[in-house]
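Please read them with the structure open beside you.

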Amino acid sequence: MHGKPDAPTRAPGNAPTDRLRFFFQQAPGMIAILSGPDHVFEFANTAYLDLVGRHEVVGKRVRDVLPELEQQGTVALLDKVYDTGEPFIGRRMPVTLQRQPNAPAETRYMDFVYQPVVDDQARVTGIFAQGFDVTRQVETEAAFSESEARYRLFSEETREGVVIHNGEVILDCNPAYARVFGYGDISEVIGLPSTAFVSPRSAALLREKGALEDEEPYEIEAIRKDGSVFPAEFVGRPSTWRGQKVRIGLARDLTERKRREAALRDSEAHFAAIFDQTAAGFAEVDLTGRFLRVNDRFCDITGYTREELLSGRRMQEITHPDDLPENLRLLRSAIDAGEPFQIEKRYIRPDGSEVWVGNTVNLIRSEAQQPHSIVAVSIDLTARREAEAALRQSESRLRLALDAGRMAVWENDTRTNSVRTSPELNRLLGFPEDASPTIEEIRARYAPGAQDRLRAAVAAALGRHENYAEEELEVIWPDGSRHWLLLRADLEVTHGEEGVVYVKATGVAFDITERKLWEERQRLLINELNHRVKNTLATVQSIALQSFRHTDTATGPSVTAFQDRLFALARAHDILTRDNWEGAELRDIVGEVIEPYCRQSSGRCDIDGPRVRLTPSMALALSMAVHELATNAAKYGALSVPEGQVAISWSVMPGQQRQLTLCWQERGGPPVALPERRGFGTRLIERSLAQELAGDVSLAYVPTGVVCTVKAPLPDGMA
């Protein structure tokens, strides 16, 4: 392979190919046989397969199995050998191979020959490839050259001692080597035994490292010319110098480094004592939050022992859930930017209690300046937070009293079942101003059911996760007079043992008796008005009957329809009266109007829609329209036959002004056709209703049943 290539090899005829294949397979060098102009692998031995890192090559083309070789011109070189029949010899040629999937490419140096294979007619039929991996030799020579260059540089510039020895005696060294061991000149060192520079108990280690050709640094006990012993670091590697095998070594005096290490250990011990004994809590965690180190004060603050914290527990496990998201956000930012931060948060102690701390957090970096760990200094803020909470409560009481004017201030605590009152509250409850009534004496003046309503109001506020509640309270004074108070309170919840919840309420109360009396008088007036309206409707009905009494229409459908419309209007008035004419629920209006028809046609009226509150005018208009639709359905439409059904549904479209859409739909009734003329009911629905609602109304007479769609804007403030 390293000489001149032989003449073109002829393909064996009846030669014992199995024996040749066996020899090729066992050959120490790489062998491959390629067939045809596409260079298809016919054979590749183990050495070749190990080099390229592939094992399934036979029957495949070189460019398919080793695409990286085609990029380096190898396939073109094979083409040339195949086309010309001339062999090719390569010496120390670099070849880059992808030997492992997903691994970086490796460069190997090769000595190889591509020998064309010809048949009996001297035609090239393939290529015989043979080669050796000389990477180690090339690297060794390069390393030697580099070592020689380094040696020359060290000899002149370095402060480290450089030496060349053959394992027995010193052959050469630089001036620094002589100085390290206390010699005045290189000439004093050359020729001395290699072991003359180490103590007797380290001589065996020196010989062992040389025999193993170990190239890793190691510490050894060195000895100077005057016999003094000092710590040193030796490192060496085998080489060739002036035609003989030698070992080039480097010696470094470790005396100063050892002194610094001892000082560092003392410093670390000093700071460890400060860490453990300081009045502030110290904790070190890794980048995942796992505790690495804590001091006694941190254990006192959190309530955990050092063993409990350092057994794999993480910072996240003892931080209050409400404070954890912000804590983690700041922690990630600190790791990314390397900036310290401060945070006030709560730790959850093993007994479930909370402790407030102020943490100053810093990022610790490794020697490579990579984030390594997090250190937090913790100060117990529990006392300060309690004082701040007490101050906030005091300020809240003062603010409410100032805002409300002449208001009574009170405080009730279910933990102690106690109440604190002001002189003004005593006056509102009918006690002397200087009295100190107990909670039982105060509750004795509650009207029946008042205490249950107060508890329900507090429970409702807490259920909504609110800390504010408001409720009206009726009280009865000893003279029998009734008074009304409006109570407003801030709620503070604490948890006791076994899940018991305590509520501390601080609030104000003021007298609303006059307002309640006015509301009562208003209700009386509205009821009287409603009574008079109903009397008026009855009078209108009587006048109509008297007017039609001597006519042929006195008992006809027109009079009946007129009466029904009056009844529908009266029912709508009843609903509005119940709500003091402030509005009415759409479901109540629809249900009240169609109730007579649904009662007669049980199960065939479907009402569906969200809660919608209407103004009085909208309620009256819709009640008349629904009445007309129900009357028509009972006479001619879906409610006139047993199988017919009516669906009344509505929805509210959100927006800058919400839109109400109501749909009346009949199905299962007699076939429907467009009426020849439009009666009063139709005109009432299409014109009057649309005008009253400021919306759109459409009537569709589809074969399956009448469909009426109403679209109208909802005024602001209507739910």
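1. Buried residues, meaning those under 20% relative accessible area with a 1.4 Å probe and protein chains only (exposed is over 50%, partly exposed in between), make up 39% of the 719 residues in the protein. The protein exposes about 41,100 Å², an area from the Shrake-Rupley method with a 1.4 Å probe, and carbon and sulfur atoms supply 52% of that surface.

2. This is a predicted model, in which local features need pLDDT of at least 70 and side-chain atom pairs count only at pLDDT 80 or more, while totals for chains, interfaces and linings use all residues. Residues are numbered from 1 along each chain as its sequence is written, and side-chain values use heavy atoms, with hydrogens and water left out.

3. The protein has 22 helices and 28 strands, taken as DSSP runs (helices H or I, at least four residues; strands E, at least two) and numbered from the N terminus. Of the contacts (heavy atoms within 4.5 Å) with a separation of 6 or more, 49% are between residues 24 or more positions apart.

4. The count of disulfides, defined as pairs of cysteine sulfur atoms within 2.5 Å, comes to zero. Cysteine 663 is in no disulfide, and its nearest cysteine sulfur, that of cysteine 708, is 7.8 Å away.

5. The largest pocket holds about 1,300 Å³ of space. On a 1 Å grid over the protein atoms alone, a pocket is an open set of points with protein on both sides within 12 Å along at least five of seven lines, a cavity is a set where a 1.4 Å probe fits but cannot get out, and lining residues have an atom within 4 Å of a point. Grid points are joined across faces, edges and corners, and a volume is the space filled by probe spheres set on the points.

6. Of the 30 residues lining the largest pocket, Glu354, Ala389, Glu492, Val493 and Thr494 lie nearest its centre. Helix 14 (382-404) is among the elements that give two or more residues to this lining, together with strands 15, 20 and 21, and helix 14 supplies the largest share, 10 residues. By class the lining has seven nonpolar, 10 polar and 13 charged residues, where Ala, Val, Leu, Ile, Met, Phe, Trp, Tyr, Cys and Pro count as nonpolar, Asp, Glu, Lys and Arg as charged, and the others, Gly among them, as polar.

7. Two residues can be set side by side. Methionine 110, in strand 5 (residues 106-118), is buried, because its relative accessible area is 6%; among its contacts beyond four places in sequence are Met30, Leu51, Phe132 and Val134. Glutamate 219, in strand 9 (residues 218-223), is partly exposed, with a relative accessible area of 41%, and the C-alpha atoms of glutamate 219 and phenylalanine 234 are separated by 6.3 Å although the residues are 15 apart along the chain.
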